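Colleague: I have a model open and would like to go through how it is put together. Can you take me through it?

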Amino acid sequence: MPSESRTIALFGYGAIGKPIAEALAKAGATVVIFSRDPSKLSAVPRNAKLASVDYNDETKLAALLKENSVDVVVSTLTTAVTTTDVQVAVARAAKEAGVKLFLPSEFGLPTAGHTGNTLFAAKNAIAERIRELLPTARICTGFFPEFLPGIVSNPAKPGEFVIAGNGDARFSLTSTSDIAGYVAHILTALPLSDLENSVLLIEGQSMSLNEAAALYNKKPTYISLESLEEPSLLRHFSALDAGWARTGFDMTNPTLQLRLWKRGQEDPTRFGQGMYGNSSKTLFLPSLRLRPKGPNNDSLMLSSFPFVLVWF
């Protein structure tokens, strides 16, 4: 355990940023939330500091980071922002301020190795550019189970559990509360040098959409991928259909996951061994399980278990 409290700067205060701020504060970190308009933020942890920021003013941003003696920057900036140079600008300021570690806005499906004109490729490119400036830790979590109802909803088929494709491919799920607790734990309990230039893989639960439909007591409605018009749904279902919606998937070696999944089933404590070769450190967290909730099984609740950290 570090002898002194660390100062963590958080950029973005939405679905994942808010629980991360709360978890960091509870873990004893000094939290500074950077926002264009801090007055609009709600449910801010009592001891957290707020800082107004102009992402286009790197000089002022660097001064604020240095003034607050920030050790780590955590970015949870939204998708619309992660496709721009904003995170890179923040990273340049962080380097100038002497920040030791930068967590780019990942918190989803693994993006390492992705190329081309896709959101995953853009996030990978941004993370690689940031890594050229200062050490990074990239956290891959799979889908947020809280958002699963939105993925299987379709305006043309209200009330139905809609699956694009056959729904058989398994994917990773980790709750936002467990992600937040995990981030808070590693940033307050581990040496930051151990996290440098790492890809951290966590998975609370894996299942297929067909299995999820059974938990909801829903009969799936199947449609084709080609019929999807909403970009985010097409992106999610394409990832599911392609089989790379699990946190251990390696885009540079797609066949690797089959061997790793089998190994994980035989010995869960060794899940993830060898992922991303020898270039990264990986941690696996079997932290929760999904189960039906309510008399009609119409929602999912999460049952958390203690963290299990495994270094490779």
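This is a predicted model: local features need pLDDT of at least 70, side-chain atom pairs count only at pLDDT 80 or more; totals for chains, interfaces and linings use all residues.

Colleague: How many helices and strands are in the chain?

Modeller: The chain has 11 helices and 13 strands. These are DSSP runs numbered from the N terminus, with helices being H or I of at least four residues and strands being E of at least two.

Colleague: And what share of the residues is buried?

Modeller: Of the 312 residues, 54% count as buried. Buried means under 20% relative accessible area, exposed means over 50%, and partly exposed is in between, using a 1.4 Å probe and protein chains only.

Colleague: What about contacts between residues that are at least 24 apart?

Modeller: They make up 73% of the contacts between residues at least 6 apart in sequence. A contact means heavy atoms within 4.5 Å.

Colleague: Let's take helix 2. Which of its residues are buried?

Modeller: Helix 2 covers residues 58-67, and Leu61, Ala62, Leu64 and Leu65 are buried there. Seen down the helix 2 axis, the buried residues fall within an arc of 160°, so they line one face of the helix. The arc is taken from the directions from the helix axis to the C-beta atoms.

Colleague: What sits on the face turned away from the buried side?

Modeller: That face of helix 2 carries the exposed residues Thr59, Lys66 and Glu67.

Colleague: And what covers the buried residues of helix 2?

Modeller: The cover includes strand 1 (7-11), strand 2 (30-35), strand 3 (49-52), strand 4 (72-75) and helix 4. Phe34 is in strand 2, and its contacts beyond four places in sequence include Leu61, Leu64 and Leu65.

Colleague: Is Phe34 buried or exposed?

Modeller: Phe34 is buried, with a relative accessible area of 1%. Phe11, also among the residues that Phe34 touches, is 23 residues from Phe34 in sequence, and the two are 5.2 Å apart in space, C-alpha to C-alpha.

Colleague: Switching to helix 1. What do its buried residues pack against?

Modeller: They pack against strand 1, strand 2 and helix 7 (176-189). In helix 1, residues 17-26, the buried ones are Gly17, Pro19, Ile20, Ala21, Ala23 and Leu24.

Colleague: At what angle do helix 1 and helix 7 pack?

Modeller: The angle is about 45°, and the axes are 8 Å apart. Axes are lines fitted to C-alpha atoms, for helices over the stretch in contact, and angles run from 0 to 180 degrees between N-to-C directions. Helix 1 and helix 7 are therefore oblique to each other. Angles under 35 degrees count as roughly parallel, over 145 as roughly antiparallel, 65 to 115 as roughly perpendicular, and the rest as oblique.

Colleague: Which residues make that contact?

Modeller: Helix 1 brings Pro19, Ile20, Ala23 and Leu24, and helix 7 brings Thr176, Ala180, Gly181, Val183, Ala184 and Leu187. By class, the contact of helix 1 with helix 7 has eight nonpolar, two polar and no charged residues. Ala, Val, Leu, Ile, Met, Phe, Trp, Tyr, Cys and Pro count as nonpolar, Asp, Glu, Lys and Arg as charged, and the others, Gly among them, as polar.

Colleague: And how do helix 4 and helix 5 pack?

Modeller: Helix 4 (residues 86-97) and helix 5 (residues 119-131) pack at about 15°, with axes 9 Å apart. That makes helix 4 roughly parallel to helix 5. Gln87, Val88 and Ala91 in helix 4 meet Ile126, Arg129 and Ile130 in helix 5. The residues of this contact are four nonpolar, one polar and one charged.

Colleague: Last topic, backbone. What is the phi of Ala43, and where is that residue?

Modeller: Ala43 has a positive phi of about 55° although it is not a glycine. Most residues other than glycine have a negative phi. Ala43 is in the loop between strand 2 and strand 3, and is exposed at 53% relative accessibility.

Colleague: What about Asn197?

Modeller: Asn197 also has a positive phi, near 55°. Asn197 is in the loop between helix 8 (192-195) and strand 9 (198-201), and is partly exposed, with a relative accessible area of 26%.

How values were computed:
Residues are numbered from 1 along each chain as its sequence is written. Side-chain values use heavy atoms; hydrogens and water are left out.
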